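Open the model in your viewer and keep the selection tool ready. Each stop below says what to pick and what you will find there.

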Amino acid sequence: MADEPVVPAGDDGLVRVRLDLAYDGTDFSGWARQPGRRTVCGVLEDTLSMVLREDVKLTVAGRTDAGVHATGQVAHVDLPSTVDVDGLPKRLSRALPADVRVFRTRIVPPEFDARFSAMRRHYEYRVTDAVAGAHPLRRLDTLSWPRPLDLDALTEASALLLGERDFCAFCRRREGATTIRELQRLDWTRAEDGVLTAFVSADAFCHSMVRSLVGALLAVGEGRKPPAWPASLLTSTERSSQVTVAPPHGLALVRVDYPPDADLAARSAITRNVRVLG
């Protein structure tokens, strides 16, 4: 394998470092810092600051909600060029709690932004309709559903939601934020053990969007709603009270895609623009 290109330090003596990490969200109140609550960002920033003996601030690809997991989360931080970046995962493994791990750290171009440079994010949602419920070893990342689910109905309803749409009906609105997103993948598989997995990919997601989509689709899968119902909600101009948000523990952020280094700045500029349909 060819050596990665050397990225020089900036005029301030800092280098930008990408962190690839994972966490079990069960005992976290989400990613973002909250006073008096245990959060992924809080634990990571505090541990990094202790190990490096200086305050650090992380920027993350996607701020997951309380109880949501991640196997492919990405963050970045600016550190002094004197830091042994390659040795950070080992140092952090000794200090971090068992439910969060940094697997890789590497220097990236200063144009890299974990949030704004991202091209798409990939989530998976696991649910089982087995009579006995989720396997004991997977109970923390698999939703147990009490009624049978129809894979064909889930697939049909999901296909109708793809494309660039205003997902206002499926989002918790935030002041000044758009709810227009390009849903690039939404499909389901059923494994031999009966577990259903939804694969959900988009350029970005608004607050609670994935869990709301899954909640609406589960209503279709169990036969309470027709396959066309979730897509019919896309005409709404506000969050739909008919949509039940699926529990967080079935959801995991599994991957974030970024463009080649030469396109990082351009991608960030595109992402920062507020989108409108059409």
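Start by selecting G221. This residue is found in helix α4, which spans 209-221. Helices (H or I, at least four residues) and strands (E, at least two) are DSSP runs, numbered from the N terminus. G221 is buried, because its relative accessible area is 4%. Buried means under 20% relative accessible area, exposed over 50%, and partly exposed in between (1.4 Å probe, protein chains only).

Before moving on, note how the model was handled. This is a predicted model: local features need pLDDT of at least 70, side-chain atom pairs count only at pLDDT 80 or more, and totals for chains, interfaces and linings use all residues. Residues are numbered from 1 along each chain as its sequence is written, and side-chain values use heavy atoms, with hydrogens and water left out.

Now show what surrounds G221. Leaving aside neighbours within four places in sequence, G221 is in contact with P148, L149, D150 and L154. Contact means heavy atoms within 4.5 Å. G221 and T155 are 66 residues apart in sequence, yet 8.9 Å apart in space, C-alpha to C-alpha.

Keep T155 and select P227. This proline sits in the loop between α4 and α5 (229-232). P227 and T155 are 72 residues apart along the chain, and their C-alpha atoms are separated by 8.7 Å. Is P227 buried, exposed or partly exposed? P227 counts as partly exposed, because its relative accessibility is 22%. Its contacts, leaving aside neighbours within four places in sequence, are A153, E156, A157, L160 and V220.

**The cysteines**

Select C171 and C206. They form a disulfide, with their sulfur atoms 1.7 Å apart. The pair links distant parts of the chain, 35 residues apart. C171 is in the loop between β7 (163-166) and β8 (180-190). C206 is in the loop between β9 (195-202) and α4. A disulfide here is a pair of cysteine sulfur atoms within 2.5 Å. The structure holds one. Both C171 and C206 are buried.

Next, pick C168. This cysteine is in no disulfide; the nearest cysteine sulfur, that of C171, is 7.2 Å away. C168 is buried, with a relative accessible area of 3%. Jump to C41, which also counts as buried, at 7% relative accessibility.

**Two residues with positive phi**

Select S208, in the loop between β9 and α4. S208 has a positive phi of about 70° although it is not a glycine. Now select R53, in the loop between α1 and β2. R53 has a positive phi of about 60°, and it is not a glycine either. R53 is exposed, with a relative accessible area of 78%.

Move to T47, found in helix α1 (residues 40-52). T47 is buried, at a relative accessible area of 8%. Not counting residues up to four places away in sequence, T47 touches L92, A95 and L96.

Then select helix α6 (residues 264-272), where the buried residues are L264, R267 and S268. Look down the axis of α6: these residues fall within an arc of 100°, so they line one face of the helix. The arc is that of the directions from the helix axis to the C-beta atoms.

**The pockets**

The largest pocket takes its largest share of lining, four residues, from α6. A pocket is found on a 1 Å grid over the protein atoms alone: it is an open set of points where a 1.4 Å probe fits, with protein on both sides within 12 Å along at least five of seven lines, and lining residues have an atom within 4 Å of a point.

The largest pocket holds about 1,100 Å³ of space. A volume is the space filled by probe spheres set on the points, which are joined across faces, edges and corners. Of its 43 lining residues, R115, R181, A204, F205 and C206 lie nearest the centre.

Finish at the second largest pocket, with a volume of about 250 Å³. Select H69, T71, R138, D141 and A252, the closest to its centre of the 15 residues that line it. β3 (69-80), β5 and β10 (251-257) each give two or more residues to this lining.
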